[in-house]
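Welcome! Take a moment to look over the sequence and the 3D structure before reading on.

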Amino acid sequence: MTVSKKTLAGLGSAVALASMTLGAGVAMAQEGELRGNVRVVIGSTSTGGDTYQNSTIVVDKLAEHLDLNMKVDAVGASSAFRTLDRDSRGNTLMIFHDQSYLGYLYGVEGYENIFEKYTVGPTVAINPGNAYLVPKDSPYETLDDIIAAVGDGEEVRVAIQPGGVSEIGFSALKNAISIEHPGMEDNLVAVNTGSQADKNQQLFDDQADLINGTVQANEQYTRLPEDDQKAMRFVWLTARQGTIEQAPEDGLGQTTREQLLEYVEPNVHVTMGDDETFTFDKEFFFLYNKDMDPGIVEQIDEALTEIYAEGEIQEVQKNSFFIPNFKPSEEASEYLHEKMSRYEGIIENIK
Amino acid sequence: MESGLSSLLSVSIDFETSHLFFPTIIHWVMAGLFVLILVTKVVPFLAAVKRGERTMPILGEPMDGFRFFGTLVLIVAYFYLMAVVGNLFPYTGYGFLFVSMAFVLLMSLMYMHEWTKKAVTIVVINAVVAPSLAWFILAKLFNITLP
Amino acid sequence: MEFLSLLDFTFFLLAAFGALVGIIFGAIPGMTATMAVAVCLPLTYALGLHHGLALLLGLYVGGISGGMVPAVLLNIPGTPSSITTTFDGYPMAQKGQGEKALRVSVIASVVGGLISAAVLFLFAPMLADFSIKFSYVEKFLIILLALSVIASLSSSMLVGIFSGVIGIWLSLIGDYSISDGGNGKTRLMFDFMEPYLFEGFSLLPVLIGIFGISTILLEAEKGVKSELSNERIQFGKGGGFSLSLFKGRLTNLVRSSFIGTFVGMLPGVGGSAASVLAYTQEKNLSKDSSQMGKGAPQGLIASESANNALTGGALIPLLSLGIPGDSTTAVLIGAFTLQGIQVGPLFIPENAETWYIMMTALVFANIVMFFLMFYAIKHIAKVVMVPKHILYPIIVMMCVVGAYAINYGIMFDVWTLLIFGILGYLVQKIGLEVAPLIIGFILGSQAEVYFVKSLESFGTFSIFFTKSPIAVVLWLLILASVAFSIVMSLKSRAKRRQELLS
């Protein structure tokens, strides 16, 4: 027994020693720059989703440009934040979207104020697809019909995934109703459910009148004949008009950009009070450990500026129905902070 | 009667506390079953132990303490050191590679009953080759993140 | 048949290569089909859509099939869906029939795979319309039906059910996930555990911990005596395999294949439920199921045909609703989005070529899988000839890799191995039963979501009985299943009493 323990201790220390010498060698590289292998964790566990897809596009270009080994890992929000917390060396970076602060605003466990706890890095792209749909044979033709109906005391059920990107449009709608028809907003009821499949299912089961969805996932459903139980119709895209205008002219599937523009502001008006219209673009951006060397922040900003100047990445993004949207760290941080405080107002209002 | 039954069956779940709804049911089911088992199985079993007809599990059984606890200690050390060493070389998989070599070697030696020269040689080669192969294929070829 | 011009040599080569790599991934404890598809996904960028799909479908079929190998030989399910394969496969291997067990499994697999491919090809859009008739209520009843196997699986019903409930309890630890529509709050734990257990224990590490690590602990306790892992396994003798094993098993084979396809088709219900459900039904419906769980080929047939039938089934909602049927197809969806192809209700009519290409790849991959495995079994089965002191450290190492990689690199998943390894050891020591516990764990969190969401929508318990004719049918099946296991346990008790008396 003693032998084995000694061997173990010996081996352990040998490994530790060897690693230290090697570690020192690695540390000799320039300060303030990315080095070694870099892992980019994302706030989603899906490798088939938009966060992963968008992150791989950006990270692949970045790795090529910086000549580094970089890899995207779909570990999910809570694990991604924790992994980022532990590594200030710049070997771990994170890419996520508006969920990162919306989760905090909605008080979801596991989310904290990203502007205090992390360094907010550059934005890279927008997914313009956040949408609301009704069954094709719905009595509601437009979002205005829904607002009016709720104002008249009709109950309208909306299937959403609670606590984030999927809920913000619902909250804005509720807020708009409370402004236009004070006291009636409680007739807009949230049906809390999960994935896109679950949300669609609520519509098929007639358990919801309106669902949150995306252009990408639901476009084909909008082209089904009306007598199909699965047929749906867009009533609202939350994106800014300017965002959709940048989409490829052919739009997505067989729905052209022209058609998509019918469902965004100013054609669809969801008020925030004071003549302001609510819009929501799902934007992807980097998050860094607060103690990470500012040199790295700069390095990534510079690299991305060059990549976006080349113009190739925009083509790739547009092909996958993303809208390129590069803003360097400082600008992005300010912009997103402002964005957050606008939504904070909405969420406070309807509490 | 009708309305009495339907009101008995009706339930309203508050979203804020809905995370506790199902666990509460499971707790009650578990408690009920536990009492049943206590009465029908555990009490007769303990009585049998008292009479000396049966022995307590784990405590009353013969055990190869060295190998059992050695395995536990090795595994704990393996998992712990892997993360520590891995942290020195972020995301290269070296933590896994080096610590696995040590682990495979020590565990093999511990489980081996007769230490012949040939057997030890095989064990050492295996301890070097197996982790290297796994590391090379997974971390290098398939680009899987390893500790 | 224009699509034929798109099939070239590379296409078939990639499908075959995919099947081979998939089998290897599936056969390594801890590596799954999902992981195989995920790591190869980036390759499809370069390959183009059709070649990429050939590779990925090969990986999918191979990965699901490969899971049987460690399930039979080492009692560790290679993928979660091969859990029921261990129930009969390992007892057979212990009796020296490992090779026979594998051959039965391979044949069942290929039949299941091909039947589901045929169903997919012929009925996909129709079945998709049927699958959306299943709302939370019906899905809950399906899970309940699968859970009812616990009663008949255990040697003492009371202990078995208790173990199953513990399994369910363990699966509830963590947050009531927002992505299932929950409120994202954690329960059943202390605050200090939150950083690690926020999302609860993940399935694969639990599975390989409770099967793999605890087996090693039990062996270590006994001193790892025999030099060979299992010297009783002798090849040739007692391992006689012939097609006559399938005599009278045709109903089982076809039924299980359809169950697998059907469960695969229901989004969210998930892969592992398929083989569990098929196993339950075989246990309930077959004339003689007394040997099941002790090494009966019929158990293998049910389990393996169902889990391979899953492949075709899970592709149904993917291709005709745009919704993945299981975790692997959820990764597969990435291959389409990467190429800018939309999946949804109009996928098949709008991409007829791709659709035929996928069917070709699926059928071809099944056939390649069959030949690769059937003729390699003799060599694969020799794994058990490797001395334990070599084999065990490698198993631990591979379990570590699998656990760490399953969620793309989380260290706590590795510790989960140890926690559940020790738990599995204790559970077996104090006489609780592992199989019901793990089935409870696999199905528990889904049971919760479907149960709570049903009540949230309808506000009354009576909805479970009155929702739809489908619900009524499911209740009848559940009642039959429970009644059957009660009758069985009474019978065996009477038999034991008789034996004692005589």
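Predicted model: local features only at pLDDT ≥ 70, side-chain atom pairs only at ≥ 80, totals over all residues.

Residues are numbered from 1 along each chain as its sequence is written, while chains are lettered from A and ligands numbered from 1 in the order in which they are written.

**A sheet of six strands**

Helices (H or I, at least four residues) and strands (E, at least two) are DSSP runs, numbered from the N terminus, and two strands pair if DSSP finds at least two bridges between them. In chain A, six strands build an open sheet with mixed pairing, in the order 2-1-3-10-4-11. Strand 2 (69-73) and strand 11 (323-327) of chain A are at the edges with a single partner strand each, so one side of each has no neighbour in the sheet. On average, and with direction ignored, neighbouring strands here are turned by 25° against each other. Axes are lines fitted to C-alpha atoms, for helices over the stretch in contact, and angles run from 0 to 180 degrees between N-to-C directions.

**A sheet of five strands**

Chain A also has an open sheet of five strands, again with mixed pairing, ordered 7-6-8-5-9. Its edge strands, strand 7 (188-192) and strand 9 (232-237) of chain A, each pair on one side only. Neighbouring strands of this sheet are turned by 35° against each other on average, direction ignored.

Here are some strand pairs of chain A, taken from both sheets:

| Strand pair (chain A) | Sense | Bridges |
|---|---|---|
| strand 4 (118-127) and strand 10 (282-289) | antiparallel | seven bridges |
| strand 5 (130-135) and strand 8 (210-214) | antiparallel | four bridges |
| strand 6 and strand 8 | parallel | two bridges |

Is strand 8 of chain A buried or exposed? Five of its five residues are buried (20 or more other C-beta atoms within 10 Å of the residue's own, with C-beta atoms placed from the backbone), so strand 8 of chain A is largely enclosed by the rest of the structure. Across from A:Asn212 stands A:Tyr132, A:Thr214 faces A:Asn130, and A:Ile211 is the bridge partner of A:Ala159.

Helix 8 (residues 196-204) of chain A lies across strands 5, 6, 7, 8 and 9 of chain A and runs at about 150° to strand 8.

**Where chains meet**

Helix 3 (residues 65-88) of chain B and helix 20 (residues 411-429) of chain C have axes that come within 10 Å and cross at roughly 180°. That makes the two helices roughly antiparallel (an angle over 145 degrees). Two residues are in contact if their C-beta atoms, placed from the backbone, lie within 7 Å. Here B:Ile75, B:Val76, B:Phe79 and B:Ala83 of helix 3 of chain B meet C:Met411, C:Val414, C:Trp415 and C:Leu418 of helix 20 of chain C. This contact has eight nonpolar, no polar and no charged residues. Ala, Val, Leu, Ile, Met, Phe, Trp, Tyr, Cys and Pro count as nonpolar, Asp, Glu, Lys and Arg as charged, and the others, Gly among them, as polar.

Finally, the contact of chain C with chain A takes 37 residues from chain C and 39 residues from chain A. On the chain C side, helix 16 of chain C gives the largest share, six residues. That side divides into 16 nonpolar, 16 polar and five charged residues.

Notes:
Buried ≥ 20, exposed ≤ 12 C-beta atoms within 10 Å, placed from the backbone. Parallel < 35°, antiparallel > 145°, perpendicular 65-115°, else oblique.
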